[in-house]
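Q: I have a two-chain model open and want to go through how the chains meet. Can you take me through it?

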Amino acid sequence: MSISLSIIYLIATIAFILGLKKLGHPATAKNGNLIAASGMALAIAATIFIHDLQIPTFIYILIGSALLLGSAIGGWMAVKVKMTKMPELVSLFNGFGGASAALIGLVEFSKNVDDKMQATTIVSGIIIGAITFSGSMIAWGKLNGSIKSVVSIPKYNTINNLFFLAIIAFAVFTVSTGASDQAIIFGLLGAGLVYGILFVLPIGGADMPVVISLLNSLTGIAAAITGILYSNMVMLVGGILVGSAGIILTIAMCKGMNRTLGAVIFGTFGGTDSVAGADKRLGSIKKTNPSDAAIMMNYANSVIIVPGYGLAVAQAQHVIHELEELLTEKGVDVKYAIHPVAGRMPGHMNVLLAESNVDYSLLVEMEDINSHFKNTDVVLVVGANDVVNPAAHNDPSSPIYGMPILDAENAKHIIVNKRTMNAGYAGIENELFYNSKTVMLFGDAKDALTDLVSELKNM
Amino acid sequence: MNGLIQFISDNLQIIYILILAIFVGVEVIKNIPAVLHTPLMSGANALSGVVVIGAILVMLQSDPDDYFSLALGFIGVVLGIINVVGGFAVTGRMLQMFKKKN
């Protein structure tokens, strides 16, 4: 490898680390993204142009057109996507990265494999790449609703884990015997693809963000393995950065939902059966209407809004921002309480509210806002359910027991906007709705909030 | 056992880099506010598209008449660069929305 290429790779690697670091702070995040992207562009350009191989022109043309085609598709998808569909898109992109790693392995295996180190990297690259590809596609399908089934075959996890062990044994066998038959490698590829499907299929919708984050981390590892194969430092370091950062992010998400990583992968939360405590008498609910709710908020000193995914589904982000501005004008202190897993992935709610120009300093995280609920006059819960369910504190039989929640129940008054009395994503009853301080404002979030805004304007 | 020692001494440099990079990744991500989890995941996802470099190498090292390698390499480059460009573009789009009003 020429020294100029090595130096450019070194610069790109530094750009990756710096970019990732800056992505972690709101003020520098935009720059961080640019720095990482520039490092990537630099590394790709250098790979194409700096080498001492004799390359026929048509291969350059092929590479160029592949890059143009992929950039056009990726760019188009990135511009087109709705912000509510973000988790799906990340999952899809991630699957493509994994597929790319698997394809590289296929080609390299078809050439001569010299030693065990090479064979190990190729075989593990193919398997991990295949698992991330098919797993990401299933996650994508589950998130956009085209795959609905939660499989419940008895001993599913045992079968799944045995299958995984079989793949490992198969891989070890291939490497140690130095088998070079193409059929074997396609067998490994197929097994990886099947395992990816089996792995993600039984995981419940609520746990899907964790899975995406985990698969993201795996793609990084696949990239790093390919980097070892080519002794390519920028791929190695870039891949490992994503791999380890991805694991940390995955664990952070699990903590937010009070789930262990093991329980997400090997357990079956999904919640299709009726849950303990569901038949407990919870008392009666009180209904309210937009005009009464508006009066409550108009004469409050402080209001905390708890937004959930239902808000985004109803496309009500803009209306809620209007409501917040209107109340602020009237001298009410308004804040948003953001649960770590509000939305469909951690931080998703922040993105959705930012899209409708909400000042991010008004978005307060759970740990910081929980102590303020007891001094708050009105909490407005819109399209959120499980993240305000007191069962997490006081019902040990509840599946969400122990999950950190927003303590909305401590406020003086609670207004809950929901479409119906249906249970939330986890399929559990919510006693907050039956609290004597709670009133229910039924209806589509957008319609209900629009009514609230017009009532407030008339006051 | 001898095999293992041989393996370690052959690949010592890579093992060093591997371990240090793991720690850098962990340290860089630690204590990130939940506000940024989604853009961060998307940015890291774009970064994992670095695998596209491998796909480019596959194409560069193929014999001109090795259509199997060229075809798979081509698809690999397309998929990898979708991951890179799409990932960075969508992260940028998200971050564009985070602004502080005065």
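A: One term to start with: a polar contact is a pair of N or O atoms within 3.5 Å, and within protein one must be able to donate a hydrogen and the other to accept it. Also, this is a predicted model.

Q: How many residue pairs in polar contact are there across the interface of chain B and chain A?
A: The rule finds nine, with both residues at pLDDT 80 or more.

Q: And how many salt bridges across that interface?
A: Zero by the rule used.

Q: Which helices of chain B supply the side that touches chain A?
A: α2 (12–29), α3 (37–47), α4 (52–61) and α5 (67–96) of chain B each supply at least two residues. α5(B) gives the most, with 27 residues.

Q: How much area is buried between the chains?
A: About 8000 Å², with carbon and sulfur atoms giving 80% of that. On the chain B side, B:M41, B:L47 and B:L60 lose the most area to chain A, together 9% of what that side buries. In residue counts, 76 of chain B are in contact with 104 of chain A.

Q: Switching to the cores. Which residues touch the most other members in the largest nonpolar core?
A: A:L449 and B:I53, in a core of 164 residues. Helix α4 (residues 86–110) of chain A gives the most to this core, with 14 residues.

Q: What is B:I53 in contact with, leaving aside its neighbours within four places in sequence?
A: Residues of chain A: A:Y9, A:A43, A:I44, A:T47, A:N232, A:V234 and A:M235.

Q: What about a second core?
A: A separate one has 26 residues, including A:V306, A:I369, A:A392 and A:M440.

Key: Residues numbered from 1 in each chain as written. Chains lettered and ligands numbered in written order. Predicted model: local features only at pLDDT ≥ 70, side-chain atom pairs only at ≥ 80, totals over all residues. Heavy atoms only, no water. Core = buried A, V, L, I, M, F, W, Y, C linked by side-chain atoms within 4.5 Å. Buried < 20%, exposed > 50% of the residue type's maximum accessible area, 1.4 Å probe, protein only. Helix = DSSP H or I, 4+ residues; strand = E, 2+ residues; numbered from the N terminus. Contact = heavy atoms within 4.5 Å. Buried area = accessible area lost by both parts, 1.4 Å probe. Salt bridge = Lys/Arg side-chain N within 4 Å of Asp/Glu carboxyl O. Polar contact = N/O pair within 3.5 Å; in protein donor to acceptor, adjacent residues only side chain to side chain.
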